[in-house]
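Please examine the sequence and the structure shown below.

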Amino acid sequence: MIQRMGLTENKIEMKPLGDSAVVVKFGTDINSVVHRKVKALTLKLQHHSFKGFIECVPAFASVTVFYNPLIVKRSYDTGKNKSPFDIVSFMMEEIVKELVEDQEENPRIVEIPVCYGGEYGPDLQFVADENHMSIEEVIKIHSSGEYLVYMIGFAPGFPYLGGLSEKIATPRRSSPRVSIPVGSVGIAGNQTGVYPISTPGGWQLIGRTPAALFQPEHNPPSLLASGDVVKFVPITVDEYEKYQETTQ
Amino acid sequence: MSIKVIRPGLLASIQDLGRYGFQKYGVIVSGAMDSYALRIANLLIGNQEGEAAIEVTLMGTSLQFEEDSLIAITGGNLSPKIEGEAVPLWRPVLIKKGSILQFTASQSGCRAYVTVAGGFDIPQIMESKSTYLRGGIGGFKGRSLQAGDVLPFQEKTKASAPLFARLKQNLKNRSFGSVEWYVPAGHVMNTSERVIRVIKGMEFDKFSSSSREQFFEQEFQITPQSDRMGYRLSGPELQLEQPFELLSEAVAEGTIQVPKDGNPIILLADRQTTGGYPRIAQISSVDLPVVAQLKPGEKIRFKEITREESERLYLKREQDIEEIKTGLSLKKWSL
Amino acid sequence: MLKMSELQEMVNIIDRSSVNVFTFEYEGMKIKLEKTVGVQQTDQNESVIVPVPDIVQKIEKPAEKKENNADHIVSPMVGTFYASSSPEEEPFVNVGASVKAGEVVCVLEAMKLFNEVQSEVDGEIVEILVKDGDIVEYGQPLFVVKKSQ
């Protein structure tokens, strides 16, 4: 079943980000309805862009469209002296009106193997204690959730995931670690995430994945994309090591 | 044909116009801080305008040329010298085999660009030769240049042949030779205070009225905590009228965001792809090269222009560059 | 003489550029190229498309340059005259300055490129005949110079 998204009923704002980008804002909070619109526009622009289009960056509630003002002006100004911003926002309005969402299209589900606890998850016990449960329960809750990738940002391949159970939400560490190892799976407040590259950070680390979330030599370079659904699959230390051996 | 890095200096890396198309995967754009200087440095010697260059920061870099090479140096005047003799900027230069090009000190500006005819023979990663320093990706082995690195050149373009031939003919015993014409570099001048043109940012209205006034009336200084990722400014502390939650969304080069401490940050080439701090302003594209050439300690003021004005300035700049391209193509008949 | 292929190349360069009228003189040959301006570019009330000045460039082989008049430094091209390399810089020369052959005395801007003009003789600048920003013609005297003995 293909259904018009009825986007015209909601207020969609077009805001300039400087002289070379338009932000298409679908809302002001995080929810799956807004997210579906973000995803639909992103997909549309991937396959049907316009002359002068550089790239688009989906976020929680907006899609930012970067363009080359000169090419836009030369390609689409029909003598009415419209500014590049006006031209691109008009095109975006037209595209948004026509956006359709294929209700039956299932999101891509990506399973990420995680070795919980031990040296890979030094804060797992803390998370369990904080939430008055056993570490087995934390693992069970974390690995039974389905997490929507709202956007990729902060670091290459880093997913902003929605859907962490409040039962295992845990505040950040009071003193951040200088370096979080690649592949670390962590919790910060009501967010969960995976570190694709090594960075400093204050997340509670509950496990580690041997899967590479950022692969610069691949196209796309990120394992995950906005709109995917992530499932964490518990693995043993042995399986972790085998996985690493086979992928290296 | 190649360059050998004798000393890398403060920071030297390979940069082109940036890595576009991968921001949705969190991959930063990188690229030359002063994209205007990079484009001109390429056009001067018959390259495509987006070829990769060596971006030299402030001082200390020295490079040896292993063959007679047609090059251009643009950007800030970091007192480039070949075998001790000052080299002119913003022109094609033929440097003799074995000669050493050194950047000794900043007279004006912060970054210089060295291009070679044909460009550097370096693999593209995600469609760009730019170095993503923190990610260890792209450029020369994913890192800044180090002593002993040898950077090979690609085949020279046909467009550079007449220039190469004429300069070579006149070179004689000198270690380098140049021409009597150049592209003027209005944006890298030494003045005590600069005015940077900005468009009001997405969250401008959320700042307190005094902060909004101060932003345009007071001076800001570039702090030493400034790099390719962004410039941290000191000046009046900018406060929101009321705190509010902002969802992370895309930022752009020249976005001025204000974290909780009230000190604005100008996001530059190595910025993250998205951000969640309120954005007080966005620098007009044509003034980004000016900002790229600022050094820690220098002071700036912001001046508001409309988005329409910023667009006009952008289109005018592109038209000027087209005229430069035409002028350079015609130069072959007057060599 | 220009070869046909070179002429074609020049036509292509002008065709791709934002220049509308182009006059070129070379070894006694004169070429004028004029573009029919397309309809899509004529709307200029807001002047986003900035009108580009007509470009005339005359070029002579250095070998064919006639003995320079000892008293004048003349313009080798059409362009805008600047006495210094930027508004913040001192002029290259002032009245009364002594110059050496090969020394830069001014720059001429054409097609956004600055072209240095050199004195061809040793001598003293007696008079500057043009002002900053003047558009000068090919062969127009720019400076009066008293030749050194």
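**Strands, helices and contacts**

Strand β4 (residues 62-65) of chain B pairs with strand β9 (residues 100-103) of chain B in the antiparallel sense over three bridges. Strands pair if DSSP finds at least two bridges between them; helices (H or I, at least four residues) and strands (E, at least two) are DSSP runs numbered from the N terminus. Within β9(B), B:Ile100 is the bridge partner of B:Gln64. An open sheet of six strands in chain B, with antiparallel pairing, has the order β7-β6-β9-β4-β1-β11. At its edges stand β7 (85-86) and β11 (150-152) of chain B, each with a single partner strand, so one side of each is left without a neighbour in the sheet.

This is a predicted model, in which local features need pLDDT of at least 70 and side-chain atom pairs count only at pLDDT 80 or more, whereas totals for chains, interfaces and linings use all residues. Residues are numbered from 1 along each chain as its sequence is written, and chains are lettered from A and ligands numbered from 1 in the order in which they are written.

Two packed helices are described by the angle between their axes and the distance between the axes. In chain B, the axes of helix α1 (residues 35-43) and helix α5 (residues 307-330) come within 10 Å and cross at roughly 15°; axes are lines fitted to C-alpha atoms, for helices over the stretch in contact, with angles from 0 to 180 degrees between N-to-C directions. α1(B) and α5(B) are therefore roughly parallel to each other (angles under 35 degrees). The contact (C-beta atoms, placed from the backbone, within 7 Å) involves B:Arg39, B:Ile40 and B:Leu43 of α1(B), and B:Ile321, B:Ile324, B:Lys325 and B:Leu328 of α5(B). Five of the residues of this contact are nonpolar, none polar and two charged (Ala, Val, Leu, Ile, Met, Phe, Trp, Tyr, Cys and Pro count as nonpolar, Asp, Glu, Lys and Arg as charged, and the others, Gly among them, as polar).

Chain A is divided into domain 1 (2-102) and domain 2 (109-247), with bounds from an automatic or database domain assignment. The centres of these two domains of chain A, taken over C-alpha atoms, are separated by 32 Å. Eight residues of domain 1 of chain A are in contact with six residues of domain 2 of chain A.

Between the chains, 39 residues of chain A are in contact with 33 residues of chain B. On the side of chain A that touches chain B, β4(A) gives the most, with five residues.

Methods:
Parallel < 35°, antiparallel > 145°, perpendicular 65-115°, else oblique. Contact = placed C-beta atoms within 7 Å.
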